[in-house]
Amino acid sequence: MAANGSPKPEPMAAKKASPDLLNSSFSFKSLKLKTKQQELLLRVSILGLVYVLAFIARLFSVLRYESMIHEFDPYFNYRTTLFLTEKGFYEFWNWFDSESWYPLGRIIGGTLYPGLMVTAALIYWTLRFLRFFVHIREVCVLTAPFFASNTTLVAYFFGKEIWDTGAGLVAAALIAICPGYISRSVAGSYDNEAVAIFALLLTFYLFVKAVKTGSLSWALGSAFGYFYMVSAWGGYVFIINLVPLYVLVLLITGRYSMRLYVAYNCMYILGMLLAMQIRFVGFQHVQSGEHMAAMGVFLLMQVFYFLDWVKHQLNDTKLFQTFLRITVTSAILVGGIALGVGTASGYISPWTGRFYSLLDPTYAKDHIPIIASVSEHQPTAWSSFMFDYHILLFLFPAGLYFCFKRLSDATIFIVMYGLTSLYFAGVMVRLILVATPAVCLISAIAVSATVKNLTSLLRTKQKVPQTGSAKGVGSSKSSSKVTLDQSQPFHKNGAIALLVGVFYLLSRYAIHCTWVTSEAYSSPSIVLAARGAHGNRIIFDDYREAYYWLRQNTPTDAKVMSWWDYGYQITAMGNRTVIVDNNTWNNTHIATVGRAMSSYEDEAYDIMRSLDVNYVLVVFGGVTGYSSDDINKFLWMVRIGGGVYPVIKEPDYLVNGEFRVDKGASPKMLNCLMYKLCYYRFGELVTEYGKPTGYDRARGVEIGNKDIKLEHLEEAYTTSNWIVRIYRVKPPTNRL
Amino acid sequence: MAARIWIFSVAVALFLSFSSGHDLQIVNAERRIDLSSHIVNAFLTLKVENIGKDPAADMLLAFPPTQIKHLSMVQAMAITGKKKKKTYLPLDVKPTEQPDAPNDTGYFLVSFATPLTPGETVTLEVLYILTHSLEPFPSEIAQSESQLVYYRDSAVILSPYHIKQQTTFFKTPSARVESFTSVDPANRAGKEIKYGPYEDRAPYSYAPVIVHFENNSPFVVVEELVREIEISHWGSLQITEHYRLTHGGARHKGVFSRVDYQSRRSISGSSSFNALLAVLPPKVNSVYYRDNIGNISTSHLRTGFKKSELEFEPRYPLFGGWRATFIIGYRVPLEDYLFEAPDGRRYLNFTFGCPLVETIVNKLTIKVVLPEGSKDPSTVLPFTVNQDLQVKYSYLDIVGRTVVVLQKDNVVPTHNVPFQVYYTFKPIYMLAEPFMLVSAFFFVFVASLAYVHIDLNIVKK
């Protein structure tokens, strides 16, 4: 694509410039670059621009709001990173956190993926070593954009590997601004996914490269990429299942080769050993059902190798056929028996619920309400595919077509990656992220191949009059198309129209991505912004107001009970002990909190006393019309609580299967703790002009119980827009 | 018993007055104590006469031990001329120790401008400021209650000298006074309580009184303030102020109700405060207001020619005992604050104290971060502070920057006076950091050049 500058005098210029490069470096003519150099310069500058673009597109959140950590999980990551930089690695590794999951506590070192924190801490330490005294918060905020930029580089090399440099450049450009990826990597979304996508793509790229070259060093690189991925995100399970699947497909399609053998064995064995170093993963690679596919394929590879060897030794095909049959059946039999015995004896753990819910989208809804309650675990709507992929959704099938047209080990990989990840993206909203690189790469192939075909069509067209005048001096390259073009003169216009169309689509994509990034994906969700009546920006900073109040004005050993969504934020920003948090490892504990929230006050008081709770925090959007508050989440509390304690029954809170908070609500609903805490003294307030007092703006109804009396709790603090309400649990009254 | 004490105190007083070397008496004394905010300002007008035979160069001011530890500042001025032609002459005041001071009485020594000849009189105006001297009672109040405080003092002025005639006025913020100790003649009119006039009181006379009154003024107490002033010779002064603020009044008890607070503002939380005002230098820019967990979006800045005002709110209203920590940072142009002394040294001229209005700072630390390569720092201050030197590393520092640390306790707005820090600095050091950056980039390019041109392959292609 860069060759349109000066196509003619390539060899001459190359000869002239190279020997006396130093002598003539000041003469004007020698400043003219060779075509190859031009192409390199163009490529490097495009990549550099894409690198910068990927970074700055993600800074919208800093511009719109501030340099802050977003959402829920990133606050935990930030807190642990802070701990790591302050106390050092060994303290971090052995950290027992008594501030969460009171009274159980949590072994942090053994229950997290440390990749992200260690990465951020390393960046921080390097910068400090270079005398750049940045704050760790800034490092954490900018980690995600930095790694997104790095991902574009990997995407370029990956694209180059599976197609050509053009496709690589397009892939880099597409992934740099793809909303599906930006949604999880804006500045401030300091989450595992931020580095994991980079690690995922790097592992895949290195593995494809290893398969292509059969080189041990690439396979080794891929193993280390896998190790980084394992250290960063639980999504590594996708790699450890996709890679064996890919190998299996290659085996079945008869593409077995020594290259594949070297690549897979090295990657699997080393990757597994390295992954065992992560405490949270431990021996799962040999003990868990989710990792067994990789091991099975590994054994199958050995069988294949053995058979290959035997085939070499035996020259008799018939003998080999019988031998093949015996070996394959016995291998499968042995493998099956081993798996059966392992599972039966409990050595190999069965698949986890999360894994099941990926394969079967309805599984979580029926069995694990705690997974189903998270909005990002919902099945994806078509609109969100359109929102996150835009034109890539149409380019993807086209790219698949091109891939199938030029089938190779590498394209087979990207096709499999694309198809499987797209299925998972359909099952869970958050997995759109995993599919994004594949979709971008395959679409890039479509764009690049189309543009390339069209431009080559155009260029040969341009040469047609030339060749016509010079009478048959046409180059041998274009001669095949010349014959085609002369017969169909409309091709030129058609190609121009198509090219314009492609560029129009791509520019629409760029506009869409920028718009989505600035409007939808840059909100930190801690600070809420709204437009006022005069178009001015109103900021609701209630969360931080409440957390900072907790931090400053409560005893340092106070225990705060809230729904688990806010656990990480309370410990990170409020610096207080919580009962449950976003690491939902103990369902019973969460159910206890759910039960307390959905019981009557005196029953809830006993539960709270038994948990040593000093403060209760609820989120309430009735004044501002903020809809993701605790009342709207309440049914999940009931469901999760009822899943463990059958005393809590969902129908008690519903009227004819309908969830209501107004006068028609069920009596249990109107008097449960959550209702009381949210609407305490709300009945005295006029929220909207022309509406009665106690009008809930989030649900658009007048509340049903305006006269709420609290017996065992008292209002400790309510934020300025009522979004967060904190109650103090009174000590028991004297029994005298 | 009482007689014996009296005799004893007279004996001590006589001894003391002799020990100070002068024989003075106070002809007329008037004391006005302003209790309207939580900083107690006392204005003392003394007419001093030398009744001895030798000229007196100085006199003593005595303070009871309960006040001496809350005493933030004592200033004295001599008044010459009458009525409209009054001129004030600041006098030197410094704390002093007296042997055998009765009941740990504290003293300040005021040096006259010219020694007082026998028989001569002089009129002195003394201002002293007390902090943390209003004790909330009841010590815990609910949201709807207003705040009542005790103020303890003496109806007569504590002095090592004989006072012929004296009066004391207490000015309360509102007419609501619950009670006051009566020491005849004492009466109250509106916001003012008058004790006196009392005639011929012996040295060290003391008549304890308690005034119990309503005070809803914001008790803004900064427990600790660290101000860091970083000098950059590239043209700006970066100031970062770390506040640890608390409401020093009666502790909040029980419920905080948002409904009451937002709808019945006049009677609810009357002693709480939610707005603060900081007076910043003019031409201030890049102002920010944040805390440990991010920006705080409630602030307004008004810049002016003489001063800038930053009006801001903490994240939540502060009730008694509630705390807030935050950081305010801003930048001012260097040319207004950094000058060159005649001897070639540079000096920084900046304001001491806390920019917040009407606040007490329990512990103030000012850190002046000099540019890297500065030498021989020295400070000039109108009062004594603890001084220390530290080293700070900032962006691209190699040897670190010298930090002059000034530390003072119990600071009130009256301490907002200029101070100077002198140091020597060679301008060539300014180029060190750009040079480092340029050379770093240079080496990167040279390295990449070298990498491109060197063939690292073992096998020849």
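Contact here means heavy atoms within 4.5 Å. The model shown is predicted, so that local features are described where pLDDT is at least 70 and side-chain atom pairs are counted at pLDDT 80 or more, while totals for chains, interfaces and linings use all residues. Residues are numbered from 1 along each chain as its sequence is written, chains are lettered from A and ligands numbered from 1 in the order in which they are written, and side-chain values use heavy atoms, with hydrogens and water left out.

**View 1. Surroundings of A:Asn586 in chain A.** Leaving aside residues up to four places away in sequence, A:Asn586 touches A:Trp101 and A:Leu104. A:Asn586 is found in the loop between strand 6 (577-578) and helix 28 (587-598) of chain A, where helices (H or I, at least four residues) and strands (E, at least two) are DSSP runs numbered from the N terminus. With 17% relative accessibility, A:Asn586 counts as buried; buried means under 20% relative accessible area, exposed over 50%, and partly exposed in between (1.4 Å probe, protein chains only). The side chain of A:Asn586 also reaches the backbone nitrogen of A:Thr588, at 3.1 Å.

**View 2. The loop that holds A:His390.** A:His390 is found between helix 20 (382-389) and helix 21 (392-405) of chain A, and its relative accessible area of 15% makes A:His390 a buried residue. When residues up to four places away in sequence are not counted, A:His390 touches A:Phe385, A:Arg508, A:Tyr509 and A:His512. The C-alpha atoms of A:His390 and A:Leu400, which are 10 residues apart along the chain, are separated by 17 Å.

**View 3. The salt bridge of A:Glu99 and A:Arg79.** Side chains of opposite charge can pair when their charged atoms come close. In the pair shown, the side chains of A:Glu99 and A:Arg79 meet at 3.7 Å, N to O. Because A:Glu99 lies in the loop between strand 1 (96-97) and strand 2 (106-107) of chain A, and A:Arg79 in helix 4 (residues 73-87) of chain A, the pair ties together parts that are 20 residues apart in sequence. A:Arg79 is buried, with a relative accessible area of 13%.

**View 4. The salt bridge of A:Arg259 and A:Asp409.** The side chains of A:Arg259 and A:Asp409 meet in a salt bridge at 3.4 Å, N to O. A:Arg259 belongs to helix 13 (residues 258-275) of chain A and A:Asp409 to helix 22 (residues 409-427) of chain A, so the pair ties together parts that are 150 residues apart in sequence. A:Arg259 counts as partly exposed at 31% relative accessibility, whereas A:Asp409 counts as buried at 11%.

**View 5. The salt bridge of B:Lys283 and B:Asp336.** In chain B, the closest N and O atoms of the salt bridge between B:Lys283 and B:Asp336 are 3.4 Å apart. B:Lys283 lies in the loop between strand 19 (276-280) and strand 20 of chain B, and B:Asp336 in the loop between strand 24 and strand 25 (338-340) of chain B, so the pair ties together parts that are 53 residues apart in sequence. B:Lys283 is partly exposed, with a relative accessible area of 48%, and B:Asp336 is partly exposed as well, at 27%. Elsewhere, salt bridges that share partners join B:Glu228, B:Glu230, B:Lys392, B:Asp397, B:Arg401 and B:Glu433 into one network.

**View 6. The interface of chain B and chain A.** The contact takes 30 residues from chain B and 30 residues from chain A. Across this interface the rule finds 3 salt bridges, among them that of A:Glu545 with B:Arg258, whose closest N and O atoms are 3.4 Å apart. Helix 3 (258-263), strand 20 (285-291), strand 21 (294-295) and strand 24 (323-333) of chain B each supply at least two residues of the side that touches chain A, and the largest share of that side, 4 residues, comes from helix 3 of chain B.

Key. Salt bridge = Lys/Arg side-chain N within 4 Å of Asp/Glu carboxyl O. Polar contact = N/O pair within 3.5 Å; in protein donor to acceptor, adjacent residues only side chain to side chain.
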